[in-house]
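Let's work through some aromatic packing exercises. Have a look at the model below, then follow the solutions step by step.

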Amino acid sequence: MNFRSIRLSHPAKTLAGIALVSALAACSTSHDANPPTAENLAAPLDDYLAQRGDICLAMVDWPIDLTEAEAGSGARHAIQFPVMEQLGLVHSTIVAVPKSIENPDGAVKRFELTDAGRKFYKPHASAAKGAEQQQANDFCVAHLKREQIVDVKVDTSNAQHPMAVVSYTYQIDTAPWMQDADAQRVFPMIARIASGAGGKLQLRQGFTRGDKGWVAQTGPV
């Protein structure tokens, strides 16, 4: 789960979507051994979060270089890396590289993970779907678990493969250094998700009905 793709919803707001309806009517429930209820979707949601509940920063390939121009541009790495270095997660060196139009100085500031930082660099499933889905290491800072499913909305326009969107509250286990005020400043989305645990915010997860039951979608809902 890359934090940029996470969708938050306020408990008081309804979910957007075309042709979304409330839970299946009672008459259809009697003919469906696995209707899209909170009870039936809890286990698939838990399985999904166990495998893909890490919140990662899309920092896949290390070391990561910053030119002087990039460092002065306000790019996210230019803002985040100094704080990460202060926290002991990365260290930087100046490295000579060939001069170019983009880098007339012929030098970059190269950031590498420290031993402390490598503890958070771990396998994380890519956003690709199906057989193309691959595991790649990413820098992950938190892990989500379901607290409670609070709403299920169903799209039955495709009777063979109905869809469901689950809204749920969550618990979150964050990296200890995310308690630092500067870390919260440069990773505001992580800080917001962390502060929304315990029912303050809701997350959403889509499911489709497959041959073997309800399967979580990897894209946004």
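**Exercise 1.** Find how many aromatic pairs the whole structure holds, then classify those of Trp 62 with Phe 81 and Phe 139.

*Solution.* A search of the whole structure turns up seven aromatic pairs. Rings of Phe, Tyr and Trp (its six-membered ring) pair if their centres lie within 6.5 Å; planes under 30 degrees apart count as stacked, over 60 as edge-to-face and the rest as tilted. For Trp 62 and Phe 81, the centres sit 5.6 Å apart with planes at 40°, so call that pair tilted. Trp 62 and Phe 139 have centres 6.4 Å apart and planes at 55°, so this pair is tilted too.

This is a predicted model: local features need pLDDT of at least 70, side-chain atom pairs count only at 80 or more, and totals for chains, interfaces and linings use all residues. Residues are numbered from 1 along each chain as its sequence is written, and side-chain values use heavy atoms, leaving out hydrogens and water.

**Exercise 2.** Work out which residues the ring pairs link into a cluster.

*Solution.* Ring pairs join Trp 62, Phe 81, Phe 111, Phe 120, Phe 139, Trp 177 and Phe 187. Now take Trp 177: leaving aside residues up to four places away in sequence, its contacts (heavy atoms within 4.5 Å) include Leu 87, Leu 89 and Val 141.
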